[in-house]
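Hi everyone, and thanks for making the time. I'd like to walk you through one model today, with the structure on the screen while I talk.

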Amino acid sequence: MFRSATLRNTFSIVGLGLASTLAVAGALFLTSYERAYNQSIEKVSTEANAVAFQVESELRDAYKTVFDLKTALLQLQKHANGGSRAVVDDILSETVVNNRLAFAAFTVWNANAFDGRDAEFIGKPLHDQTGRLVPYFFREGTGVGSMVTPGYDDPQLAGVVGALPAGKAILFDPYLYPIGDKKLLMTTVAMPLHINGKSAGSLGMDFDLETIATRLASAKPMGVGHVMLVSSGKTFVVNSDPSLLTKPLSDDHRNGQSLNYLISTETGYAETIGQNGAPDISVSKRISPFDDATMYVIVSVPKSVVLADLYRMIITSTATIVACAIVMCLAGWLVARRFSKRIAGAIKETTELAQGNFDVVLSDINTNDEIGDLARALEILRKAGRRKIELERESELSREQQEIERLERERISQAQEADVEFAVQELATGLKKLSGGDMTVRLGRPFTASLDPIRLNFNRSVETLEDAMLAFSENAATIHGGSEEIRKAADHLAGRTEQQAASVEETAAALAEITNSVRDSTSRAETAGKRVAQTRERAEQSGVVVRRAVDAMGAIERSAGSISNIIGVIDEIAFQTNLLALNAGVEAARAGEAGKGFAVVAQEVRELAQRSAQAAKEIKALINTSSSQVVEGVSLVGQTGEELETIVQEVQEINRHVEAIVLAAREQAGSLQEINTAVGQMDRMTQQNAAMVEESNAATHTLASEVRALTDRINQFRLSSNDAIRTAA
């Protein structure tokens, strides 16, 4: 089967397609695997985030409780009095009661740091032997018990807490605290107390981690996982193995190293060993409820559960790829088998055609692919073979028919050659006589039927030519006589036309001189009219100037009147000023020595007022004189304007007369110009007529000579009535 190139190529293509599909599927599988793996890890990380957020929230609430307690105690210390220490006890007791995670609350004050009254409380409850305030309130059954804070005088503990800066807190590693026959898992949040920048003591709270541990131990992430809580000192706070509580990570022999690496590097996840020995996926989340307080939440889930979706995806993808490969192979085999059958059919049909069987029926001729194209090409070849056989048969019949027709054409050609040779000889004889001028020649012996029209046409042509020559002879004689008469008349007409042309030329010259004279007179009249119009315009402008001068004189007269009024006002002001100065002088004289200076000023004012009045009178006199002169000037200018108006009217009258003269001269010039133009046209036409007469006369003489030459030529031909023609000539 694989001997066929078609099958080999088909299966090669299928193999390449299958390989490409597997490559693409593999790439997609790897991408999907990585994405699914990351998504599976992300699910565990989401579970860890939820647990970490819950634990961090509870620890942050604990820190906030301690911070609020510190604020309350510092405010109480600031306003401390005799009962303030009892209030401290109440605050600590209420704090334990109101916080479900709080096991105890305590405070340790330095000597005389609270209220300076330690000596008064020596030997009192919740105080040491020096009277320091060191109360410790703890949960006891359903109530609250109290005692002196245990270990308050431990210098190491006091040094750790006291060394903290103000506002900072410390979270102690969890520890097991014995209560009766039980041990509680607890941790402590402690915070220093500072007053005016100096250490005054400390306070803190012990928190019961049993509740948190129990809840975390019972948590089942993704249904089958477990949770671990690790302190900042890398000890177990919560673990599914109770023996590892408060123990370091190194005590977990199976996963200690992996968990330590996971916490130290914060890689996000690591593979650990579960309780049943199966691998787990562990994710670590760091929590920090407040500054310098760190814990780690570790969530572990069996790897088989984490990657269950991934395993299902792998199985599904593998099954899908295998199924696709099987389907592609089967489809390739079916396509190749069908294609090879069609190729075999095409080879068989081609062999039939090669053997000369052009009646074979071709299959796949209507399919729209490469085999269909091959079948259609073979159909063209089959039709061409059949057409070739038919053409060979037709060619043989055509050769036989052509041979018969060739022999018949040779016989007819020989007979036609004999007839043509006779006709040519007869025509040659007739044309020879005709070239000698014999118009009486005729071809009387008939030609063969196909050539006899040539003989008849020759005879009719000679007869027509003879008739034309006879007509030419008669017309030539008549034209000769008429041309002689025309020649004589043309000679007389030429003489008279030359005389008329000379007369018209003289008339045109005289009219041109008259036209030039009238045109010159018209031009001068127009120039005079323009000068008169300019004189009229200037006279009108002079009238306008005079009117403006009259208006200006009137304005000057009105201004003089206004100035006179102003001078009158100034005169009145001078009179009033003089009167006031006189009154001032009288008042100054009444004042005696005290008013002498004022009297001098009043005298000066009177003199100035008198001089102002005198100057006003002089100006008024001058203005009156100017007003009378302006009135006289206005009168003279008005008379000048009237005279100019008269001149303008006379100039306008002269302008109208000149315009009438110019108009008449322009019309005369136009009429003479038209007459001159008409005479010029007559002169040109007369000269043209004279030229035409001369040309006609010359043509008449030429016609007469040509007619004589024509007559001589016609006499050379032999015509049936040649004697009559000569007599007419």
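Before anything else, one definition: when I say cavity, I mean a set of grid points where a 1.4 Å probe fits but cannot get out. The volume I quote is then the space filled by probe spheres set on those points. And please keep in mind that this is a predicted model.

So, what is the volume of the largest cavity? About 70 Å³. Counting cavities of 30 Å³ or more, the search comes to 2.

By residue class, the lining of the largest cavity divides into 6 nonpolar, 4 polar and 2 charged.

On to the second largest cavity, with a volume of about 30 Å³. Glu58, Leu59, Ala62, Leu101, Phe207, Asp208, Leu209 and Ile212 line this one. Two elements, α1 (5–78) and β7 (198–208), each give two or more residues to that lining. Which of the elements supplies the largest share? Helix α1 does, with 3 residues. In this second lining there are 6 nonpolar residues, no polar ones and 2 charged.

Let me zoom out to the whole chain for a moment. The secondary structure comes to 11 helices and 12 strands. Of the 729 residues, 33% count as buried. Among contacts with a separation of 6 or more, 62% are between residues 24 or more positions apart. The chain exposes about 43,900 Å², and 57% of that is supplied by carbon and sulfur atoms.

Now some aromatics. Searching the whole structure gives 4 aromatic pairs. Phe106, Tyr136 and Phe138 come together in one aromatic cluster.

Next, a couple of backbone details. Most residues other than glycine have a negative phi. Against that background, Leu126 has a positive phi of about 65 degrees, although it is not a glycine. Where is Leu126? In the loop between β1 (102–109) and β2 (135–140). Is Leu126 buried or exposed? Leu126 counts as buried because its relative accessibility is 11%, with the cut-off for buried being under 20%.

Asn196 is the other residue I'd point to, with a positive phi near 55 degrees, and again this is not a glycine. Asn196 sits in the loop between β6 (182–195) and β7. Here the relative accessibility is 76%, so Asn196 counts as exposed; the cut-off for exposed is over 50%.

Last stop: Asn583, in helix α9 (residues 452–591). Asn583 has a relative accessible area of 41% and is therefore partly exposed, in between the two cut-offs I just gave. Asn583 and Ala602 are 19 residues apart in sequence, and their C-alpha atoms are 8.6 Å apart in space.

Technical notes
Residues are numbered from 1 along each chain as its sequence is written. This is a predicted model: local features need pLDDT of at least 70, side-chain atom pairs count only at pLDDT 80 or more; totals for chains, interfaces and linings use all residues. Side-chain values use heavy atoms; hydrogens and water are left out. Rings of Phe, Tyr and Trp (its six-membered ring) pair if their centres lie within 6.5 Å; planes under 30 degrees apart count as stacked, over 60 as edge-to-face and the rest as tilted. On a 1 Å grid over the protein atoms alone, a cavity is a set of points where a 1.4 Å probe fits but cannot get out, and a pocket is an open set with protein on both sides within 12 Å along at least five of seven lines; lining residues have an atom within 4 Å of a point. Ala, Val, Leu, Ile, Met, Phe, Trp, Tyr, Cys and Pro count as nonpolar, Asp, Glu, Lys and Arg as charged, and the others, Gly among them, as polar. Helices (H or I, at least four residues) and strands (E, at least two) are DSSP runs, numbered from the N terminus. Buried means under 20% relative accessible area, exposed over 50%, partly exposed in between (1.4 Å probe, protein chains only). Contact means heavy atoms within 4.5 Å. Accessible areas come from the Shrake-Rupley method with a 1.4 Å probe; for residues, only the protein chains shown count as cover.
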